[in-house]
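Please keep the sequence and the 3D view at hand while reading.

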Amino acid sequence: AYRRQRQMCIRDRLNKIWSSLAAQDRGIRHAARVALEKQPVKKWKGRLASEKSPIAASAAMIALARADATSGETVLQKAMTFKYRDLKSRQQKLDLLRSITLALTRGGQPIGEQKVKLIAWLDQIYPASTPEENRDLSAIMQFLQAPSAASKGMALLRGASGQEEQIGYALNLRHLKTGWTSLLRETCLLYTSPSPRDLSTS
């Protein structure tokens with residue numbers, strides 16, 4: 001009886017936490033995500049697969065990536081089920097990208113077919129419509145050593161609105177080993193020299 005009562009208490013607590021992941025108030029969502037990270041992963045990981053709300057799912061994916069480095073594959077698989085361009089706000093998009101970033105940095109490179117599928121999914125949304133999204137996307141594509149990362153990153157670098165944005169793209173490109181042509185490499189060196197110049201006005 002005690003064990004059954006304890007399990008019910010855990011389930012009720014998880015239900016309350018999970019329902020708060022999509023709360024309108026950002027502070028409540030953050031508190032719920034932190035609380036979720038403190039719960040045993042095996043008790044709530046399975047809920048992620050059926051979650052339809054991108055807000056709740058992104059919060060849960062971030063929590064899962066932070067709480068269990070071995071669950072990166074689960075996070076990436078769920079992230080790719082969402083239609084990125086249909087997300088209603090920039091914050092929803094940034095939260096989804098953050099979950100992908102955490103899954104990769106904590107769990108390492110995806111393997112086999114999942115990596116191929118992830119790069120294909122990212123290629124459909126990169127470049128995005130805002131510098132903040134493109135900052136995260138360029139870092140993700142560099143981490144994956146995606147074939148298109150060099151050409152797309154350089155296009156963003158050349159079109160950047162200021163030096164800070166230029167440097168962000170340039171720093172990601174410096175660690176990229178694939179997809180370069182001699183012209184792209186030569187142009188990139190102009191931006192990654194020890195004293196970066198603001199070439200947007202040149």
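## Cysteines

A disulfide is a pair of cysteine sulfur atoms within 2.5 Å. By this rule the structure has zero disulfides. Cys9 has 42%, so Cys9 counts as partly exposed.

## Basis of the model

The model is predicted: local features need pLDDT of at least 70, and side-chain atom pairs count only at pLDDT 80 or more, while totals for chains, interfaces and linings use all residues. Residues are numbered from 1 along each chain as its sequence is written, and side-chain values use heavy atoms, with hydrogens and water left out.

## Overall makeup

The protein chain has eleven helices and zero strands. Both are DSSP runs numbered from the N terminus, with helices being H or I of at least four residues and strands being E of at least two. In sequence order the pattern is α-α-α-α-α-α-α-α-α-α-α.

Along the principal axes, the C-alpha atoms fill a box of roughly 75 × 35 × 30 Å. The chain has 202 residues, and 45% of them count as buried. A contact means heavy atoms within 4.5 Å. Among contacts between residues at least 6 apart in sequence, 66% join residues at least 24 apart.

## Helix 6 and helix 8

Two packed helices are described by the angle between their axes and the distance between the axes. The axes are lines fitted to C-alpha atoms, for helices over the stretch in contact, and the angles run from 0 to 180 degrees between N-to-C directions. Helix 6 covers residues 90–107 and helix 8 covers residues 131–144; they pack at about 20°, with axes 10 Å apart. Helix 6 and helix 8 are therefore roughly parallel, since angles under 35 degrees get that label, over 145 roughly antiparallel, 65 to 115 roughly perpendicular, and the rest oblique.

The crossing of helix 6 and helix 8 is left-handed. That term applies if the near helix is turned anticlockwise from the far one by less than a right angle, and right-handed applies if clockwise. On the helix 6 side the contact is made by Arg90, Lys93, Leu94, Leu97, Ile100, Thr101 and Leu104, and on the helix 8 side by Glu132, Glu133, Asp136, Leu137, Ile140, Phe143 and Leu144. By class, this contact has eight nonpolar, one polar and five charged residues. Ala, Val, Leu, Ile, Met, Phe, Trp, Tyr, Cys and Pro count as nonpolar, Asp, Glu, Lys and Arg as charged, and the others, Gly among them, as polar.

## Helix 5 and helix 7

Helix 5 (residues 72–79) and helix 7 (residues 112–125) cross at roughly 40°, and their axes come within 11 Å. This crossing is left-handed. Glu73, Leu76, Gln77 and Ala79 of helix 5 meet Gln114, Leu118 and Trp121 of helix 7. The residues of this contact divide into four nonpolar, two polar and one charged.

Helix 2 spans residues 26–37 and includes Arg33. Is Arg33 buried or exposed? At 9% relative accessibility, Arg33 counts as buried. Apart from neighbours within four places in sequence, Arg33 contacts Leu21, Ala59, Ile62, Ala63, Arg66 and Arg98.

Leu36 also lies in helix 2, and at 0% relative accessibility Leu36 counts as buried. With neighbours within four places again left aside, Leu36 is in contact with Leu14, Ile17, Trp18, Leu21, Trp44, Ala60 and Ala63. Arg11 lies in helix 1 (residues 2–20) and, at 41%, counts as partly exposed.

## Backbone exceptions

Most residues other than glycine have a negative phi, and most peptide bonds are trans. Tyr126 and Pro127 are joined by a cis peptide bond, with omega about 5°. Pro127 sits in the loop between helix 7 and helix 8.

Gln145 is not a glycine, yet has a positive phi of about 55°. Gln145 is in the loop between helix 8 and helix 9 (149–159), and at 22% relative accessibility counts as partly exposed.

Terms used:
Buried means under 20% relative accessible area, exposed over 50%, partly exposed in between (1.4 Å probe, protein chains only).
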